[in-house]
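Subject: Structure handover

Hello,

Here is the model we talked about handing over. Please open it alongside these notes.

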Amino acid sequence: MSKTALTQWRHKAGAWVQRGLDQRLRLAVTGLSRSGKTAFITSLVNQLEHAGLDARLPHWPPAAEGRLLGIKRVPSRHHHVPAFGYEAALGQLAGTPPAWPEPTRGISEITLAIKYRPKNRLKRRLNDNATLYLEIVDYPGEWLLDLPLLAMSYAQWSGQQRELLREPALRELAGPWLQMGEGLAPDGPAEDARIAPLAAAYTRWLHDCKRELGRYLVQPGRFVLPGEYQGAPMLQFVPWVWGEVGTGLGEQHHHGMMEARFEHYKKHLVAGFYREFFAGFDRQIVLVDCLTPLNRGPGSFTDLGRALDAILQSFEYGKSGWWRRLFAPRIDKLLFAATKADHLTPDQHCRLTRLLGTLVRGGHRQARLSGIDIHTLALASIKATHSGRVRHQGEEIPALQGRRLEDLAPVTLYPGEVPEALPGDDFWQRRGFDFTEFAPPEWRPEAPLPHLRLDQALAFLLGDKLS
Ligand SMILES: Nc1nc2c(ncn2[C@@H]2O[C@H](COP(=O)(O)OP(=O)(O)OP(=O)(O)O)[C@@H](O)[C@H]2O)c(=O)[nH]1
Ligand SMILES: [Mg+2]
């Protein structure tokens, strides 16, 4: 072999070894609206950018062991997915006064190249550095609420919604669309001029259920978070709750048209999401805000439990053969994180973790999720309070200090006790818990964002990948 050929061969072999060492990991971040997804991803990327310098990540071994060589943002290889608005979120947090990032509506992605020194001896022999390409995807948890629809016909779904409407609070809010639909003959000629306003009134009802009643389980999920499909005809149908109607009415009739759109919605939006995105996720974190429904009351809290139940179905691959065959999901680690733990004094964090554990691991669910490594954790992506102790009526009690979101006034308070199991009547009667929303902390962009336990989340989600 000539010298040039040998050099070329060495070069190729080196590239091949490097490719073997480098890995990609697709980490999906989800949670229902306002659960803290944008804050989590912003802080996670920010911590990683500071890792090896001044980030506080003692529980994340590669940082604690000094093996991180450099982390940078790189272009995403999925050109059709919008970029996660990292710079915009940081800009808002660094504003005067600091503001929380804007709500987001659909899917987005950010990719990091994490260069590290392997710990594994075999890998080290091959090369002294390796890169993990971490693709972080943010998507609305509401999209997972739709999975059960795949196994339902339009008639079954309509029947389920009819049952739901027995609840007086829901029925009362549903007045406008229920009245509008009463005049619609199932076999009348399908007219968009009648279906579109009815679907709009139905969508308003879903929003009202969220806003006024603090409900989470709103279906179809894309009606409230349509992403790029706003106004598409497949988002214009309603459940037929005005008496039972047989199938077989063609698309030229009102009922048949709604049925056809329901099927289209399932096929293109629900199954499409699972096929195109969900099937490609390696790891998943589900963020849960347990505190807002605890403030709102028993109806809202019970509904959070139902919504989490629906979300969990997406991870029960073992249970349903058709589901596994159709999408071949491969998520092997699933982290449930109770967010905004900085709203609580530290003595309450364990209770919050246990409460979330009860919600997601309750008896029967545990078995259905077997095969996936699951963990629960309480964290604060961006810590907005300081905890300490104050004297109250001669006694020392734990307290929080921060600035109230509504008027930025400095406050010192004790928000109360979080139940560690599903709250019963006595909890709701006592009303022993009341949390105040805090403004984001004053923060200098040169420093990493303050957080609670993001390093533990990283250790669980990426622990085995940077060995
Ligand atoms: N104190 C505190 N508040 C937080 C934290 N994370 C989120 N929040 C609050 O929760 C709100 C929602 O957080 P986001 O990160 O925007 O939640 P999201 O899930 O991305 O919300 P959508 O984009 O609307 O789905 C913020 O505006 C803050 O008020 C946290 O770590 N600490
Ligand atoms: Mg968001």
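One aromatic cluster takes in Tyr-154, Trp-157, Trp-177, Tyr-202, Trp-205, Phe-223, Phe-237, Trp-240, Trp-242, Phe-262 and Tyr-265. Rings of Phe, Tyr and Trp (its six-membered ring) pair if their centres lie within 6.5 Å; planes under 30 degrees apart are stacked, over 60 edge-to-face, and the rest tilted.

Some ground rules. This is a predicted model: local features need pLDDT of at least 70, side-chain atom pairs count only at pLDDT 80 or more, and totals for chains, interfaces and linings use all residues. Residues are numbered from 1 along each chain as its sequence is written, chains are lettered from A and ligands numbered from 1 in the order in which they are written, and side-chain values use heavy atoms, with hydrogens and water left out.

Aromatic pairs

The whole structure has 24 aromatic pairs. One of them joins Trp-177 and Trp-205: tilted, 5.5 Å centre to centre, with 55° between the planes. Trp-177 sits in helix α8 (residues 175-182) and Trp-205 in helix α9 (residues 192-213), so this pair ties together parts 28 residues apart in sequence. Helices here are DSSP runs (H or I, at least four residues), as are strands (E, at least two), numbered from the N terminus. Trp-177 and Trp-205 are both buried. Buried means under 20% relative accessible area, exposed over 50%, and partly exposed in between (1.4 Å probe, protein chains only).

Phe-273 and Tyr-274 have ring centres 5.4 Å apart and planes at 75°, so they pair edge-to-face. Both are buried.

Charges over rings

Arg-24 lies over the face of Tyr-133, 4.9 Å from the ring centre. Arg-222 lies over the face of Trp-143, at 3.6 Å. The test: NZ of Lys or CZ of Arg within 6 Å of the ring centre and within 35 degrees of the ring normal.

Metal site

Which residues coordinate the magnesium ion (ligand 2)? Thr-38 (OG1) and Thr-104 (OG1) do, at 2.1 Å. Thr-38 is in helix α2 (residues 37-50), while Thr-104 is in the loop between α4 (86-93) and β3 (108-116), 66 residues apart. Thr-38 is buried, at 12% relative accessible area. Thr-104 is partly exposed, at 40%. Donors are N, O and S atoms within 2.8 Å of the metal (3.2 Å for Na, K and Ca); water is not among the atoms, so sites may look incomplete.

Cysteines

There are 0 disulfides (cysteine sulfur pairs within 2.5 Å). Cys-350 is in none; the nearest cysteine sulfur, that of Cys-290, is 14 Å away. Cys-209 is buried, at 4% relative accessibility.

Best wishes
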